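Please read the following account alongside the sequence and the model.

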Amino acid sequence: MTKRQLPVPAEMLELMQFKKFELNGKKRRLQSALTIADLRTIAKRRTPKAAFDYTDGAAEGELSLTRARQAFEDVEFHPSILRPAEHVDTSVEILGGPSALPFGIAPTGFTRLMQTEGEVAGASAAAAAGIPFTLSTLGTTSIEGVKAANPNGRNWFQLYVMRQREISYELARRAGEAGFDTLMFTVDTPVAGARLRDKRNGFSIPPQLSIGTILNAVPRPWWWVDFLTTPKLEFASLTDTGGTVGDLLNAAMDPTISYDDLAVIRDLWPGKIVIKGVQNVEDSVRLVDLGVDGIILSNHGGRQLDRAPIPFHLLPQVVREVGRDATIMVDTGIMNGADIVASIALGAKFTLIGRAYLYGLMAGGRDGVDRAIAILRDEIERTMRLLGVSNLGELEPRHVTQLTRLVPVAAQADQRVEAQGRY
């Protein structure tokens with residue numbers, strides 16, 4: 001029989017350690033965020049609906065984004081036991097330079113509308129973490145402003161080819177002169193995707209106020225104070241910033257973009273060039289034959305063609321075909337450091353995060369971006385230790401199985417024929 005006694009106050013104090021209350025509200029809410037999903041929840045609470053939905057949303061039924069995230073969730077890891085990994089090395093050499101982590105910050109447009117620190121917060125956080133930062137053509141901080149925020153780190157520039165080609169060429173020249181080492185030539189946006197959340201919200205630059213947007217803003221006065229008391233939004237390339245997001249994109253993009261444009265950009269850019277928005281093996285092979293330095297498997301975060309291929313599912317096929325000849329990277333749907341580890345195991349040399357960084361930005365400015373990077377770093381390191389690997393080079397396809405929910409109809413028919421042949 002268990003012996004009972006009266007509680008001993010001294011023993012109770014040993015068992016009960018009260019957490020020190022953090023007086024700083026921003027620190028308190030960021031400390032409470034243990035995952036990127038937690039940062040998203042905070043961001044949604046603190047950001048007006050139109051701005052949050054621009055970041056969070058995708059095209060049409062948002063199937064491409066949903067499927068991309070589901071693909072990462074449908075991963076089965078295969079750890080090796082009795083392989084000590086007390087210290088893990090997360091660094092990687094990418095496109096001729098170092099990165100302390102196997103991910104960088106992807107290009108995002110209209111960033112200061114999400115939170116007024118915008119690209120400066122992203123670039124300075126990237127500098128502190130030792131990872132690359134990518135500025136979008138539709139960024140709200142100039143090329144020179146990003147260079148000032150990240151003077152000694154790695155800056156990349158994402159380029160759209162516009163109807164007025166000389167605007168694009170001049171942007172590339174400016175980025176090269178500012179010391180940006182990699183050009184990310186985006187090819188999946190001949191026209192803007194149908195971003196229905198933005199249309200329903202009347203999202204535009206400047207914001208179109210309605211009774212709904214005003215009511216939504218009432219519990220978020222801090223966002224409006226920041227927006228109205230900081231410098232006017234300025235874009236890296238567009239001089240006419242009126243209209244909806246779709247109007248702006250359609251004015252800037254050109255449906256006649258072709259391989260001829262790639263040849264021109266390749267000739268004028270002095271550094272590394274990677275092609276963003278590749279969505280099949282055939283295009284990957286052709287691009288490598290043309291001498292590009294890298295390929296980013298991406299469906300633009302699900303923001304262009306809905307029902308587009310899932311980049312993570314394409315990864316093993318593309319790596320088999322051209323992985324020896326070019327740097328293969330992947331984005332879209334990454335919400336956890338384990339997603340990044342799985343990508344590296346299947347042959348990607350690097351990954352890019354967009355929404356994950358923006359959720360942190362909306363949750364807490366520069367400090368929120370630092371928190372997003374720290375969360376992903378911790379998840380990467382923990383996943384590597386649990387797999388029994390000490391560095392990224394030890395990750396192999398054997399560590400990962402991609403579990404598929406979506407099987408092409410032709411493949412299903414082949415499987416039925418094969419099964420019938422066994423009986």
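Phe110 lies in the loop that runs between strand 4 (103–105) and helix 6 (111–114); helices (H or I, at least four residues) and strands (E, at least two) are DSSP runs, numbered from the N terminus. The model is a predicted one, in which local features need pLDDT of at least 70 and side-chain atom pairs count only at pLDDT 80 or more, whereas totals for chains, interfaces and linings use all residues. Residues are numbered from 1 along each chain as its sequence is written, and side-chain values use heavy atoms, with hydrogens and water left out.

Although Phe110 is not a glycine, its phi is positive, at about 60°. Most residues other than glycine have a negative phi. Phe110 is also buried, with a relative accessible area of 1%; buried means under 20% relative accessible area, exposed over 50%, and partly exposed in between (1.4 Å probe, protein chains only). Thr332 likewise is not a glycine and has a positive phi, here of about 85°. Its place is the loop between strand 12 (327–330) and helix 17, and at 7% relative accessibility Thr332 counts as buried.

Another loop, the one between helix 13 (245–252) and helix 14, holds Asp254. This residue is buried, with a relative accessible area of 8%. Which residues does Asp254 touch, not counting residues up to four places away in sequence? They are Val161, Met162, Arg163, Arg165 and Pro190, where contact means heavy atoms within 4.5 Å. Asp254 and Arg165 are 89 residues apart along the chain, and their C-alpha atoms are separated by 9.3 Å.

Helix 9 (residues 165–177) packs against helix 14 at an angle of about 30°, and their axes are 10 Å apart; axes are lines fitted to C-alpha atoms, for helices over the stretch in contact, and angles run from 0 to 180 degrees between N-to-C directions. That makes helix 9 roughly parallel to helix 14, since angles under 35 degrees count as roughly parallel, over 145 as roughly antiparallel, 65 to 115 as roughly perpendicular and the rest as oblique. The crossing of helix 9 with helix 14 is right-handed; a crossing is left-handed if the near helix is turned anticlockwise from the far one by less than a right angle, and right-handed if clockwise. From helix 9, Arg165, Tyr169 and Ala172 meet Asp261, Val264, Ile265 and Leu268 of helix 14. These contact residues of helix 9 and helix 14 comprise 5 nonpolar, no polar and 2 charged; Ala, Val, Leu, Ile, Met, Phe, Trp, Tyr, Cys and Pro count as nonpolar, Asp, Glu, Lys and Arg as charged, and the others, Gly among them, as polar.

Helix 14 (259–268) is also among the elements that cover the buried residues of helix 15, together with strand 10 (272–278), strand 11 (294–297) and helix 16 (311–322). In helix 15 (residues 281–289), the buried residues are Val281, Ser284, Leu287 and Val288. They cover an arc of only 125° around the axis, which puts them on the same side of helix 15; the arc is that of the directions from the helix axis to the C-beta atoms. The face of helix 15 turned away from this buried side carries the exposed residues Glu282 and Asp289.

Helix 5 (residues 63–73) has Ser64, Leu65, Ala68, Arg69, Ala71 and Phe72 as its buried residues. Viewed down the axis of helix 5, they fall within an arc of 150°, so they line one face of the helix. Against them pack helix 4 (49–56), strand 1 (75–77), helix 16, helix 17 (337–345) and helix 18.

Within helix 4 is Thr55, which is buried at a relative accessible area of 4%. Leaving aside neighbours within four places in sequence, Thr55 is in contact with Met114, Arg303, Arg355, Leu358, Tyr359 and Met362.

Helix 18 (residues 355–387) comes within 10 Å of helix 7 (residues 118–129), axis to axis, and the two cross at roughly 20°. That makes helix 7 roughly parallel to helix 18. Their crossing is right-handed, and the residues of this contact divide into 9 nonpolar, 4 polar and 4 charged.

The axis of helix 2 (residues 25–32) also comes within 10 Å of that of helix 18, crossing at roughly 40°. Helix 2 passes helix 18 in a right-handed crossing. Lys26, Arg29, Leu30 and Gln31 of helix 2 meet Ala363, Gly364, Asp367, Gly368 and Arg371 of helix 18, a contact with 2 nonpolar, 3 polar and 4 charged residues.
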